Amino acid sequence: MNLTLHLTENCNLCCTYCLREKCPRDMTEEVLYKACDLAFSKGTRAGLCFFGGEPLLKKDLIYKALDYCKEKSEETGIRFDCKMTTNGTLLDEAFLERAREAEMVIGLSFDGKAQDVCRRYADKNKSPTSAVVEKKAKMLLKYIPNSVAMMTFAPEAIPYYAESVKYLHELGFMRVTANLAYGKNVSWSDSDLDLLKVELEKTSEYLVQLFEKDDRLSFGPLHSKMLENIKGHNPSEKCHLGVRQMPVTPAGELYPCTSFIGDKDYYLGNVFDGVDNDAAARIAAKSHTPKTCLECDLVKRCTNSCGCANRMNTGDENEVSPLQCTYERMVIEAADDLGDRLYTIDSDRFMKRFCG
Ligand code: SF4
Ligand code: SF4
Ligand code: SF4
């Protein structure tokens, strides 16, 4: 079973788009060990994602979980996988040594050239973080070269989008993802989206240049849409609310995806008593393709059923927002255009890289 452990509700940054209410509430050791037991209770793999707030504020808990799960894995023969999403400011060599030993996959939340626009320290001066995170990113890549840089873009950061992709690749990241900031702290206008389209075009141009030189970069939004199209995968089918990657709160409660935490209608149980299967079935049955999407030609290529994004944007997990619809159309068009261009440049290399 895969669980996302919210080790703390605290964070040392105050990103402008963050939706978390920060408070010094941490997971107890008792909850931590029960959550590890739950991850090993079902299936042939146990997966933990260390998450927060900022999980590196609770390095002690991560070390305890790694030791405990290593032992459990040896005892049971069940494979243990772990990953972490971090803002990177608290990374150090000793932690990265342990993370490498545990084959931890690390996602570094790093907005590239837009870092200081939105992601600053939670001190009284709101100090910039870019210099620290750049240094930590280099340290991270030295230990775990396949780490992912995860950008989140608010409207005010869009002018930095394409140059951020280039910057992160030049720092050494081979995998970069980019998501839009959603929710009550951001407000998107049509002109922001027009500018995003231009930035996506510039990013495509950069990806073409890399392909021409046989250099590699996996850029989430465009490459995943391209690959899903080639392989006939439907991105909406990836969402299994509350089944594939359940969040665990510091108090040990289980919910479907993160934006449902704290809503009693979506409570799925706790690490002491396990998952309430009736609640899980009832909640899974609620999820369906938004009505407005049923007749759309792109319905099978669009992430229209992400309950989290829909809930943040419209308040209803089954209602997709105009923002998401415009963004999905824009990314699909850009991905198709990119695929055509790369195929024309070298069809053999294209087939080997993307269709193998
Ligand atoms: S690093 Fe993450 S949890 Fe912390 S303020 Fe930023 S978005 Fe929120
Ligand atoms: S493009 Fe818009 S209407 Fe079409 S499936 Fe996606 S969200 Fe729905
Ligand atoms: S609700 Fe969205 S974020 Fe959550 S699992 Fe589904 S697709 Fe992923």
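Biologist: In which helix is Ala99 found?

Modeller: The model is a predicted one. In it, the helix that spans residues 93-101 includes Ala99. The element asked for is helix 3.

Biologist: Is Ala99 buried or exposed?

Modeller: A residue is classed as buried if 20 or more other C-beta atoms lie within 10 Å of its own. Ala99 has 24 other C-beta atoms within 10 Å, and it is therefore buried.

Biologist: Which residues is Ala99 in contact with, leaving aside its neighbours within four places in sequence?

Modeller: Met84 lies 15 residues from Ala99 along the chain, and their C-alpha atoms are separated by 9.5 Å. With neighbours within four places in sequence set aside, the contacts of Ala99 are Met104, Ile106, Tyr143 and Ile144.

Biologist: What is the handedness of the crossing in which helix 1 passes helix 2?

Modeller: Helix 1 covers residues 29-39 and helix 2 covers residues 59-76; their axes are 10 Å apart, at an angle of about 35°. The crossing of helix 1 with helix 2 is right-handed.

Biologist: How many charged residues does the contact of helix 1 with helix 2 have?

Modeller: Helix 1 contributes Glu29, Leu32, Tyr33 and Cys36, and helix 2 contributes Leu61, Lys64, Ala65, Tyr68, Cys69 and Lys72. By class, seven residues of this contact are nonpolar and none is polar, while the charged residues number three.

Biologist: Which residues of helix 11 make the contact with helix 8?

Modeller: From helix 8, the contact is made by Pro221, Leu222, Lys225 and Met226. The residues of this contact comprise eight nonpolar, one polar and one charged. On the side of helix 11, the residues are Val331, Ile332, Ala334, Ala335, Leu338 and Gly339.

Biologist: What is included in the cover of the buried residues of helix 10?

Modeller: Helix 10 (residues 307-314) is mostly covered, with six of its eight residues buried. The buried residues are Gly307, Ala309, Asn310, Arg311, Met312 and Asn313. Their cover includes helix 11.

Biologist: How many residues of the shell around ligand 2 are charged?

Modeller: The residues that surround ligand 2 include Cys293, Cys296, Cys302, Cys325, Glu328 and Arg329. The shell divides into seven nonpolar and three polar residues, and the charged ones number two.

Terms used: Residues are numbered from 1 along each chain as its sequence is written. Chains are lettered from A and ligands numbered from 1 in the order in which they are written. This is a predicted model: local features need pLDDT of at least 70, side-chain atom pairs count only at pLDDT 80 or more; totals for chains, interfaces and linings use all residues. Two residues are in contact if their C-beta atoms, placed from the backbone, lie within 7 Å. Helices (H or I, at least four residues) and strands (E, at least two) are DSSP runs, numbered from the N terminus. Ala, Val, Leu, Ile, Met, Phe, Trp, Tyr, Cys and Pro count as nonpolar, Asp, Glu, Lys and Arg as charged, and the others, Gly among them, as polar. Axes are lines fitted to C-alpha atoms, for helices over the stretch in contact, and angles run from 0 to 180 degrees between N-to-C directions. A crossing is left-handed if the near helix is turned anticlockwise from the far one by less than a right angle, and right-handed if clockwise. A residue is near a molecule or strand if its C-beta atom, placed from the backbone, lies within 6 Å of it. A residue is buried if 20 or more other C-beta atoms lie within 10 Å of its own, exposed if 12 or fewer, and partly exposed in between; C-beta atoms are placed from the backbone.
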